[in-house]
Amino acid sequence: MDLFNAIIQVLDSTIRLSVPLLLACLAGLYSERAGVFDIGLEGKMLVGAFAGAAAASVFHSALIGLGMAILISVAFAMIHGFASITHRGNQIVSGVAINFIAAGSTIMLGQAWFSQGGRTPALAPGERFEAINWPGAEALRAVPILGPIYAELISGHSILVYLAFLIVPFTWWVLFRTRFGLRLRAVGENPAAVDTAGISVAWLRYRALICTGVLTGIAGAYLSMVQNGGFVKDMTAGKGYIALAALIFAKWKPVNAMFACLLFGFLDALSIRLQGTPLPVIGKVPVQFMQALPYVLTVILLAGFIGKAIPPRAGGVPYVKER
Amino acid sequence: MSTPYAKLPAWADYGLIPVINLAVAFIVAGFVVMLVGENPFRAAVILVEGAFGRGSGIAFTLFYATTFIFSGLSVAVAAHCGLFNIGGEGQGYIAGLGIGIVCLAFDSVLPWWLTFPIAIVASAAMGALWALIPAYLQAKRGSHIVITTIMFNFIAASVMVYALVGFLKPPSSMAPQTRTFLDGAQLPKLNWVIELFGAKIRSAPLNICFLLALVMAFLVWLLIWRTRLGYEMRTYGHSPKAARYAGISETRIIIIAMMISGALAGMMALNPTMGDQHNVALDFVSGAGFVGIAVALMGRLHPVGIVLAAILFGMLYQGGAELAFEMPAISRDMIVIIQGLVILFAGALEHMFRPYVQALFASFSPRSVGIEAAKGKGA
């Protein structure tokens, strides 16, 4: 029974840890499917986290915080669009720039406005998204096997967790069952064809980036308003890049993205759980190895040893109407 | 890629446009300063005075610049070959492993002038090795070099933590760093050069790595513009197709360019470890690899430009420290913002002001812009 409880706990933290990855990964999905590489997921999450926590603590409302996180994150996505769509700049350079601006400005503004060493004030209960306990969760906890699964895994998360997992089928529906989705995928594969059909490539890509901004904003808000009761400097800690890795791992498909993020979240949860405990057979695994595993897996995948990841064809190439 | 823009006179291309881009970046940074309620002009004065006002300020500026020259050159060499090496951070970090092993092994037996060359080779080799795998995967299996080098940054961080909490640190110590190097692995300071000009320096970490950086800048210039290999690299960077037709081996050129780039990034680790702290500590690179991107873009991928841009960034780092001291509302993270703005305006938005400059030139003297001027204005 101890083992079972341990597994439930690891799975529970897997869900918590994979939510920001999942949101960022889906965010990247929209922009990359539209042919815009986005290294700046990390930075957009970071500004989202900061704006969310700052607004929530100033206005004492979690919803205003979430709104602000989305707004600022979208604004940064628009900078990326302005540079890489309108001015046809290098998309990777632009993404790197956004990460820098985000890392610097969140700490500096945080320090100037709240003077707590780059943190925002700790959020009071009403200012963050609380866990939602499903009906009967406590009563059913005593039921063997199913009880803990219902009470720990399914119930007791914040609204943003459920939202994140609902966005997965929604994204699938948008991409593969709507006209917007069809055009969005087309613009990532062959923008000239879309242009010939009389649809604005730039406007489509801008709309894709707005979706990206909204999702990274929610991801940031989750970090600072659910996982942590306030903003801490550099709190994204590379999650934007892991999300990018997960996106490649998922071969740019929404449902795969969910599984890839759950896998990376699971590795993270496991490495926290296994810190210092020796495994049967293998012996003691260094924590650093577990931490590096998502990156190593991505490299192996990129090398084409676990199936081939083929990116959208027009990815990274600015569209020029006439040549 | 064919440029959709008309030609400008060289001085405008390499002088005027970068200066305009830089100026816009600093104007936006000025707004950020205003946002936190400080006077941007006073901030600028404090920054410049902090960097160049006193002898030790200059020494610190050049010390920071040393690291940035290496990382800037690293980015530039890869960029000439059309590759974006974003992994300078990891390549520099992992080079610390090589330096650490060499220094711990030899610092008690060899004098510094023998340890130094061995450490140079070790750092360059580690950096090159760390770039080799992404390069191979790009060349042979088509994996995107940007993603793989980012992944390798994280892997390097994990490896270094493992090494520093494991076999590199002395068993008796808790801190994740090597023991302090003995005299045999401490590089001589260069502060006396500045003292020749009459300035007084109490303690500043400027060391002979600065000279090594200048030599490397010259060698990179030689490589890119005066050798066959450099020519091949530039050809591949301009047009992989043309390079293929010319019989240049894609695999070979990608791997060589990335290894040189990685070696330069690795050498950047010499400056903070052997030159300043005299140990290898956790996170000793602290973002210098990423600064290289800004430096290379601002220096327009030319070694002379890179040295100047590195000194400018050294100035920002040193002056920024003074600024954080004088104006509590501004922390050292202001530099990170400026860095980001420089990358944005000098890199991603480098063509934003070009049409206006072209229009201006065309209106003064149509001939200086050539016949394509009319087409260029439309673009």
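A residue counts as buried under 20% relative accessible area, exposed over 50%, and partly exposed in between (1.4 Å probe, protein chains only). Keep that scale handy for Trp172(A), which is partly exposed because its relative accessible area is 35%. What you're looking at is a predicted model, where local features need pLDDT of at least 70, side-chain atom pairs count only at pLDDT 80 or more, and totals for chains, interfaces and linings use all residues. Residues are numbered from 1 along each chain as its sequence is written, and chains are lettered from A in the order in which they are written.

**A nonpolar patch on the surface**

- Phe170(A), Trp172(A), Trp173(A), Val255(A) and Phe259(A) make up a nonpolar patch on the surface, and together they have about 520 Å² of accessible area.
- To join such a patch, residues need over 30% relative accessible area and no salt bridge, with nonpolar side chains linked within 5 Å; a salt bridge is a side-chain nitrogen of Lys or Arg within 4 Å of a carboxyl oxygen of Asp or Glu.
- Two helices of chain A, α7 (159-177) and α12 (254-273), each supply at least two of the patch residues.
- The largest share, 3 residues, comes from α7(A), and Trp172(A) sits in that helix.

**Cavities**

- Searching the whole structure turns up 2 cavities of 30 Å³ or more, a cavity being a set of points on a 1 Å grid where a 1.4 Å probe fits but cannot get out.
- The largest cavity has a volume of about 60 Å³.
- Its lining includes Ile17(B), Pro18(B), Asn21(B) and Arg300(B).
- α1(B) gives the most to that lining, with 3 residues.

Key: Heavy atoms only, no water. Patch = residues over 30% accessible without salt bridge, like charges linked within 9 Å, V, L, I, M, F, W, Y side chains within 5 Å. Areas by Shrake-Rupley, 256 points an atom, 1.4 Å probe, with all protein chains shown as cover. Helix = DSSP H or I, 4+ residues; strand = E, 2+ residues; numbered from the N terminus. 1 Å grid on protein atoms, 1.4 Å probe; cavity = no way out; pocket = protein on both sides within 12 Å on 5 of 7 lines; lining within 4 Å. Points joined across faces, edges and corners; volume = space filled by probe spheres on them.
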